[in-house]
Amino acid sequence: KVSIKGIERELLCPACNELFTHPLILPCQHNVCHKCVKEILFAFEDSFPDGGSESSNQSSPRIRVSPSSMDRIDRISRSGRKRNSLTPRSSLFPCPGCQRDIDLGERGINGLFRNFTLETIVERYRQAARAAIAIMCDFCKPPPQESTKSCMDCSASYCNECFKIHHPWGTVKAQHEYVGPTTNFRPKILMCPEHEMERVNMYCEICRRPVCHLCKLGGSHANHRVTTMSTAYKTLKEKLSKDIAYLISKESQVKAHITQLGLMLKETECNSERAKEEASHSFEKLFHVLEEKKLAALQAIENSKNLRLEKLQTQAEEYQGLLENNGLVGYAQEVLKETDPSCFVQTAKQLHVRIQKATESLKSFTPAAETTFEDFVVDIAKQGEILRDLSFHSNGLEIPEINEEQCRMYNKALISWECPGKTDSADIYVLEYHKLNREEESVTWQEIEVCSKSKVISDLDDGSSYVFRVRGYKGSICSPWSREVTLHTPPAPVFSFLFDDKCGYNSEHLLLNPRRTSVESRAGFPLLLGSERMQVGCYTTLDYIIGDTGIDKGKHFWAFHVEAYSYLVKVGVVSSDRIQKLFHNTHDVTSPRHEQDSGHDSGSEDVSFDPSQPFTLVTLGMKKFFIPTTPAAPKDPASRILPLPSCLGICLDCDKGKVGFYDAGCMKCLYECEVDCSCIMYPAFALMGGAAVHLEEAVTGKHEEYHDDI
């Protein structure tokens, strides 16, 4: 049993955020109160330049139009549609539920259905919320009595006495339908809003709304797919019941998510407090530095002030002595009173020097110190600009991006990422991944802390898809998660081998690198010398090379790259009992049909396909992948030609006797066929003309160091 009080959130109008009152169903399937729809439309039309209204938002205070809705209203109004236009036009309505502009059609609000089901649920909620408040009789004389029933035909509530009076036995009103006390009176029959005299009896599957037969015959739903109302009722009810049952069966999962969200709420609280403490500590350190600088600056100003005051005070005292009967002048005046020449000369000589210096200083007066402190002005313009730009470290912590081109999924997974700004702003990265399994109800991420920008992961399941994401950390601040990237593992364990430089290897036509991981075909002098015997109808040979390790059981996968300039390359597998025949056939430079003693006059005969080939190969070349001609292959030749993947893979299943050719980038199977695996099977390659093949290298820990260096 559903708790009415637990669904209040679903019963609130998105416009007024109050319980629905006469809700209308919009074409986008959202519900809005009838009054709110009108108020929004009034606000919408009043916003037009020629609307003739100065009160754009003077509607009822119960409605709260969001800023985004008002922005859309302004945008639509600027499009030029006139409020009082005589030409019928589609009425646009900014839905407060989905934040989209909805076309209400030519009838506008009159073409919308009332949601009587939602209205009934709201009424039940109101009754549950005000269980103690009774519905009074509409016909009693004061004081009114509590009603006992409501008439759905009269749309009124009655007590027992008033009901008998207004619905006497033997009259038509006695046949009226009555229910328990309610204020929600809904019509017995749902009528079409476009054809008011017609009842709806069909359901339009295109518009997802009830329609009448006139709508289907010649109305706006004439070409739409419709069904009967009973069929739509049964179908929608079955779907809704099934979906509700599924959600109820997942109650434990929902509770687990609620628990997880609760823990995340607590974790968010804790992390926010920790972030506040760290921010406060950072600003306190900044305050401490500023306080030290402040004290040092004030002390320097104070020392300079004292020194200047001392100098100016000394200079002032010296000039004070130049006054009459004071200081130096007064002393000189007393010396002038001396009458003994020898005594006067003895004292006056030094005194005269002092008087001359005082005279010169008086003529060129210069203060002993400056009164301004311009040298002590603190320039904080640059520092102020830096402080104004001061922000949380998370704003500067860039979101890392997983580089899918550098990532590899082979024997191990190499996951590489980078920062858009090419700066390593994070101290540490956290890489998370999980196996993609749509049957699992919940996802469990595995977490790895990485100090670099790449990580090699082992022990991933074969033939699976994994989702990866990464984010950076600097202290307690972390960046948002990167975009999730899905990568696919090979369909089988990786088979390691090298090119065999002994069995059938033609060193005149093929060139191996020292590690035997790359082979290249070269057209040299041996081919030119052999061409002397070629006259007409000749063909050029394929040079074969195999792997140095065979497979006798199990399922294995290997990958390789074919250079884009390669003209013709064949790849696949060959059995051990056919190897000698394979290499023996390929050493003939010219067709035996064209020897002078062959008995053939030309080589123009068609070469027939030999179904007993000693190998299972597919043809590559000119940046194309050619699906072999088989009964199951498409008849159209163009449909058998695919773009050549940058990395090609081969999967050999000896137990099932099948070999598959894959796009190793996305692990998509391009072609699969049966093969006889009764003998030991070897990887086989054939090249002609300019071509090169490189084996895919196994992922090791060195790849991690290599990407870090990059």
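**Reading strands and a helix pair in a predicted model**

Residues 24 or more positions apart account for 62% of the contacts in the chain with a separation of 6 or more, where contact means heavy atoms within 4.5 Å. This is a predicted model, in which local features need pLDDT of at least 70 and side-chain atom pairs count only at pLDDT 80 or more, while totals for chains, interfaces and linings use all residues. Residues are numbered from 1 along each chain as its sequence is written, and side-chain values use heavy atoms, with hydrogens and water left out.

User: How many helices and strands does the chain have?

Analyst: Helices (H or I, at least four residues) and strands (E, at least two) are DSSP runs, numbered from the N terminus; on that basis the chain comes to 14 helices and 33 strands.

User: Why is strand β25 described as largely enclosed?

Analyst: Buried means under 20% relative accessible area, exposed over 50%, and partly exposed in between, with a 1.4 Å probe and protein chains only. Of the 8 residues of β25 (residues 568-575), 7 are buried, so the strand is largely enclosed by the rest of the structure; in the chain, buried residues make up 34% of the 710 residues.

User: Which strands are joined to β25 by bridges?

Analyst: Two strands pair if DSSP finds at least two bridges between them. Strand β32 (residues 681-688) runs antiparallel to β25 and is joined to it by 8 bridges, with Met681 as the bridge partner of Ser575. Strand β26 (residues 616-621), also antiparallel to β25, is joined to it by 5 bridges, and here Leu620 is the bridge partner of Val569.

User: What is the strand order in the open sheet of 3 strands, and which strands stand at its edges?

Analyst: The order is β7-β6-β8, with antiparallel pairing. β7 (156-158) and β8 (178-179) stand at the edges, each with a single partner strand, so one side of each is left without a neighbour in the sheet. Strand β6 (residues 149-151) pairs with β7 over 3 bridges, and Ala156 in β7 is the bridge partner of Cys151.

User: How should I read the packing of helices α8 and α9?

Analyst: Two packed helices are described by the angle between their axes and the distance between the axes. Axes are lines fitted to C-alpha atoms, for helices over the stretch in contact, and angles run from 0 to 180 degrees between N-to-C directions. The axes of α8 (residues 327-335) and α9 (residues 341-363) come within 11 Å and cross at roughly 150 degrees. That makes α8 roughly antiparallel to α9, a description that applies to angles over 145 degrees.

Key:
Parallel < 35°, antiparallel > 145°, perpendicular 65-115°, else oblique.
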